Amino acid sequence: MTITNEEMIVEIKSLDDKGAGRASVWRENEHGNQKKLRLTIPQVLPGEKVRVIVDKPERRRRRAIAEEILETHSERIAPPCPHFDRCGGCVWQHWQYRGQLQQKTSHVKEAIETQGFNPELVADTIGMDEPWHYRNKMEFTFSPEGELGLHEQGNFRKIISLETCLIAGEEMVEAAMEVAKWAEEQKLRGYNKDLHEGLLRHLMVRQSFVTGEMMLALFATEAPTGQLDGATSDLVKRITAKFPQVKSLMWLENTDWADRTQSEKSHILAGRDFIYDEMDGYRFRLWFDTFFQTNPTQAQKLVELAVAMGEPKQTEKMIDLFCGVGTFSLPFASRVEKLAGIEIVESSIESAQRNALDNGLTNTYFLAKDARKGIDEVLANFGNPELLLLDPPRSGAGGKVMRRIGRSKPERIVYVSCNPDTFATDIKELEPFGYRLEKVQPVDLFPHTVHVECVALLVYTGE
């Protein structure tokens with residue numbers, strides 16, 4: 001017998017890695033055996049007691065929706081965004097900001113304690129004074145009907161048409177809404193992922209909060225020519241008239257089945273194919289596919305913390321592993337004798353080289369290779385560095401890379417992480433090589449989401 005729905009009252013014990021609540025219930029199945037049903041419940045907070053309706057509760061793991069909050073967390077607030085109940089862009093708008101920060105601090109402490117490190121080394125998470133409209137880059141998606149929005153929470157195939165977005169820069173939202181209006185009036189259909197047909201796929205908006213320059217990159221399955229000439233001309237007129245800060249208006253062809261913002265051929269509709277941004281006094285060129293920190297206010301704090309922890313000296317050599325376009329390389333290069341940056345993405349290395357020249361830095365060397373092979377080549381030609389910084393992706397650097405770092409014995413290692421769990425497992429690899437964790441400073445780059453960054457210092461003790 002299959003039970004289709006069952007009402008339950010549960011207490012939220014913890015949160016998962018996507019910010020949803022966890023609860024479990026022991027229940028008896030039709031054979032009289034006790035089994036634990038594990039529930040995932042979005043938009044609830046730890047300690048709350050909620051009434052849920054569970055679909056097919058005989059299964060061991062189910063996602064459920066809270067029908068009623070019976071006992072409310074003291075920090076629960078009304079989410080300000082009208083799309084919060086459905087949109088998957090951010091998951092904690094119903095939680096007072098101080099509570100979010102405390103949760104992120106706890107996450108980092110738990111991650112390093114699991115690996116045997118002292119959680120007292122973790123400082124309180126540095127938050128934002130104004131945790132809204134902080135993102136300098138957003139990727140919106142067109143529904144098959146041509147409406148522009150973000151993915152529905154828990155349903156990647158459903159697009160929520162947006163009226164606003166409270167985490168994106170306000171001018172960026174205005175420009176995106178103008179593109180949405182243009183697509184509607186031109187009666188242009190969006191891309192259908194199931195049928196692999198349609199025209200408009202994504203809209204990327206990025207803006208420098210320092211220079212004010214903005215980029216609009218429209219991803220479509222066809223070139224902006226032929227029958228699209230009229231629609232394209234209309235888009236250019238609208239954007240250039242209303243948004244003079246748009247210095248790059250791009251149309252990017254993407255016919256690949258993969259649902260990513262990638263381009264097979266680029267068309268510049270207006271302006272150039274990049275915009276200028278600045279961080280820590282250094283100027284960067286950003287293309288549509290350039291990785292750059294999406295919260296410039298907090299990214300500046302990351303750079304400041306990394307420099308303060310690393311204590312670079314003019315007599316020292318330094319390696320910047322996973323250097324990207326040089327976000328950390330440039331501020332450090334002006335403070336050391338010479339710096340080598342390693343990054344597997346060739347376009348990022350080209351950008352890093354150009355950014356170094358644009359900023360008058362001549363003591364840098366950038367290598368396009370994967371981290372493990374790249375560090376071997378740099379060490380052979382460069383010698384062992386006194387200082388090493390790494391800023392790996394969410395998957396971490398990995399044991400082989402961390403052990404290679406340990407064998408090179410830099411005096412100080414600054415680890416910039418966007419994933420506390422992989423950070424903790426990575427630094428555990430350094431202990432046998434004589435490294436001691438000195439401090440960990442979490443920084444909130446993504447308010448109202450589960451993500452937290454941190455900057456940590458490890459020193460070589462020679463033990």
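# A tour of rings and strands

Start by selecting Arg201 and Tyr191: the charged end of Arg201 sits over the Tyr191 ring, 4.1 Å from the ring's centre. Keep in mind as you click around that this is a predicted model.

For another stop of this kind, pick Lys428 and Phe117. Here the charged end of Lys428 sits over the ring of Phe117, and the distance to the ring centre is 5.6 Å.

**Ring meets ring**

Now look at aromatic rings beside one another. How many aromatic pairs does a search of the whole structure find? It turns up seven. To describe such a pair, you give the distance between the ring centres and the angle between the planes.

Select Phe219 and Phe288 to see one. Their ring centres are 5.7 Å apart and their planes meet at 65°; edge-to-face means an angle over 60 degrees, so this pair is edge-to-face.

Next, select Phe284 and Phe292. They form a tilted aromatic pair, with 5.1 Å from centre to centre and 55° between the planes. Both Phe284 and Phe292 are buried.

One more ring stop: highlight Phe274, Tyr276 and Trp287 together. Ring pairs link these three into a cluster.

**Over to the strands**

Switch to a cartoon view and colour strand β18, residues 338-343. How much of β18 is buried? Five of its six residues are, so the strand is mostly covered.

Strand β17 (residues 317-321) pairs with β18 in the parallel sense, over five bridges. To see how they line up, show Leu321 and look across to Ile342 in β18, which stands opposite.

Then bring in strand β19 (residues 364-368), which runs parallel to β18 and is joined to it by five bridges. Here, show Ala340 and find Tyr365 of β19 standing opposite.

Finish by tracing the chain from β18 to β19. The path goes through helix α6 (residues 346-358), making a β-α-β crossover. Which hand does this crossover have? It is right-handed.

Key. Residues are numbered from 1 along each chain as its sequence is written. This is a predicted model: local features need pLDDT of at least 70, side-chain atom pairs count only at pLDDT 80 or more; totals for chains, interfaces and linings use all residues. Side-chain values use heavy atoms; hydrogens and water are left out. Rings of Phe, Tyr and Trp (its six-membered ring) pair if their centres lie within 6.5 Å; planes under 30 degrees apart count as stacked, over 60 as edge-to-face and the rest as tilted. Buried means under 20% relative accessible area, exposed over 50%, partly exposed in between (1.4 Å probe, protein chains only). A charge sits over a ring if NZ of Lys or CZ of Arg is within 6 Å of the ring centre and within 35 degrees of the ring normal. Helices (H or I, at least four residues) and strands (E, at least two) are DSSP runs, numbered from the N terminus. Two strands pair if DSSP finds at least two bridges between them. A crossover is right-handed if, with the strands pointing away from the viewer, the path from the first strand over the helix to the second runs clockwise.
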